[in-house]
Amino acid sequence: MDAPAPRRRSTLREYIEALLIAAIFLGFTNTFVVKTFFIPSGSMEETLLIGDHLFVNRLLYAPAPTALERWLLPVRQPRRGDIVVFRSVEKPTVDLVKRCVGLPGDTIQIVDKRLFVNGERVEDDGYTLYRDQRIFPNRPSLPEEYRLRDQFGPFRVPDGEYFFLGDNRDRSYDSRYWGTVPGHFLKGRALVIYWSWAGGTPDGSSRSWGQRVRDLFHTVIGFLSETRWSRTFRPVR
């Protein structure tokens with residue numbers, strides 16, 4: 001007697017299984033390999049604009065990599081000049097993006113807006129932006145936000161921590177104000193802008209479902225006209 005033929009899985013079930021596998025793969029990739037991130041503020045202008053959406057390499061700064069991991073994967077320590085996504089030291093649930101200018105053991109000083117690392121001036125690098133020509137002196141009578149902006153240090157970066165500045169130096173809230181970032185707070189290095197949206201970007205605060213629906217509708221309607229096509233797939237440097 002012939003064995004019964006195996007029952008064919010329904011097309012719907014196959015689609016559901018494929019979607020589940022894709023979701024798991026994307027979730028794993030976004031958690032451990034490549035993360036997405038969007039720019040909500042102007043602290044990194046003109047390198048990164050409000051509305052830029054980034055791919056972030058999460059593997060590069062793997063903590064304590066083994067010899068095998070270093071051989072198989074492009075793993076290394078952060079370098080000066082890297083644009084890094086990291087957890088905020090003030091609000092660890094919030095991610096920030098800044099440029100690394102100080103490594104563990106470095107001495108950081110800012111004199112009249114000019115950055116010095118280990119006593120040597122960092123020359124104009126092509127990405128630092130100064131929008132305010134005023135230079136505030138280091139006077140106790142001035143609010144801290146002005147004094148620390150233009151006059152800072154000298155300050156030694158603690159072991160295992162990093163010092164970050166925004167490229168838009170006069171409009172950036174960074175390590176001058178809230179200190180250094182522990183190495184285990186680093187999430188990855190910004191790689192490429194995969195989409196740049198000029199139509200307004202949320203600032204990260206909680207929003208109602210109604211606001212989210214309106215934002216989605218606005219994005220769909222203005223996708224062609226509000227997308228900065230010239231920034232699509234631009235490497236982040």
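**Contacts, salt bridges and burial in a predicted model**

Me: Leaving aside neighbours within four places in sequence, which residues are in contact with Leu-129?

Reply: Leu-129 is in contact with Glu-45, Glu-46, Asp-167, Asn-168, Arg-169 and Asp-170, its neighbours within four places in sequence being left aside. Contact here means heavy atoms within 4.5 Å. Leu-129 itself is found in the loop between β7 and α3 (144-150). Its C-alpha lies 6.1 Å from that of Arg-169, although the two residues are 40 apart in sequence.

Me: What kind of model is this, and how are its residues numbered?

Reply: The model is predicted: local features need pLDDT of at least 70, side-chain atom pairs count only at pLDDT 80 or more, and totals for chains, interfaces and linings use all residues. Residues are numbered from 1 along each chain as its sequence is written, and side-chain values use heavy atoms, with hydrogens and water left out.

Me: What is the average confidence of the protein chain, and which elements have the lowest and highest means?

Reply: The average pLDDT (the predictor's confidence in each residue, from 0 to 100) is 82 for the protein chain, and 73% of the residues score at least 70.

Me: How many helices and strands does the protein chain have, and what makes a run count as one?

Reply: There are five helices and twelve strands. Helices (H or I, at least four residues) and strands (E, at least two) are DSSP runs, numbered from the N terminus.

Me: What makes β6 and β7 a pair?

Reply: Two strands pair if DSSP finds at least two bridges between them. Strand β6 (residues 114-117) and β7 have two bridges, in the antiparallel sense, so by that definition they pair. Phe-116 has Arg-121 of β7 as its bridge partner. The pair belongs to an open sheet of four strands in the order β7-β6-β5-β8, with antiparallel pairing. Its edge strands, β7 (120-121) and β8 (152-156), each pair on one side only.

Me: What makes the contact of Glu-45 with Arg-131 a salt bridge?

Reply: A salt bridge is a side-chain nitrogen of Lys or Arg within 4 Å of a carboxyl oxygen of Asp or Glu. The side chains of Glu-45 and Arg-131 meet at 2.9 Å, N to O, so the pair meets the definition. The two residues are 86 apart, with Glu-45 in the loop between β1 (34-38) and β2 (52-57) and Arg-131 in the loop between β7 and α3.

Me: Why is Glu-45 called buried, and why is Arg-131 called partly exposed?

Reply: Buried means under 20% relative accessible area, exposed over 50%, and partly exposed in between (1.4 Å probe, protein chains only). Glu-45 has 17% relative accessibility and is therefore buried, whereas Arg-131, at 42%, counts as partly exposed.

Me: How do you know that Arg-80 and Asp-106 tie together separate parts of the chain?

Reply: Their side chains meet in a salt bridge (2.9 Å, N to O). Arg-80 lies in the loop between α2 (67-72) and β3 (83-87) and Asp-106 in the loop between β4 (95-102) and β5 (107-111), so the linked parts are 26 residues apart in sequence. Arg-80 has a relative accessible area of 45% and is therefore partly exposed; Asp-106, with 5%, is buried.

Me: Which residues are linked with Lys-113 in a network of salt bridges?

Reply: The network links Lys-113, Asp-132, Arg-134, Arg-149, Asp-150 and Asp-170. Lys-113 forms a salt bridge with Asp-170, the closest N and O atoms being 2.8 Å apart. Lys-113 lies in the loop between β5 and β6 and Asp-170 in the loop between β9 and α4 (175-178), so the pair ties together parts that are 57 residues apart in sequence. Both residues are buried. The whole structure holds 17 salt bridges.

Me: Why is His-53 called buried, and which residues does His-53 touch?

Reply: His-53, in strand β2, has 13% relative accessibility and therefore counts as buried. Not counting residues up to four places away in sequence, His-53 touches Phe-37, Phe-38, Val-192, Ile-193, Tyr-194, Trp-195 and Trp-197. In the protein chain, buried residues make up 36% of the 237 residues.

Me: Why is Trp-229 called partly exposed?

Reply: Trp-229 has 47% relative accessibility, so it counts as partly exposed. Trp-229 lies in the loop between α5 (209-226) and β12 (234-235).
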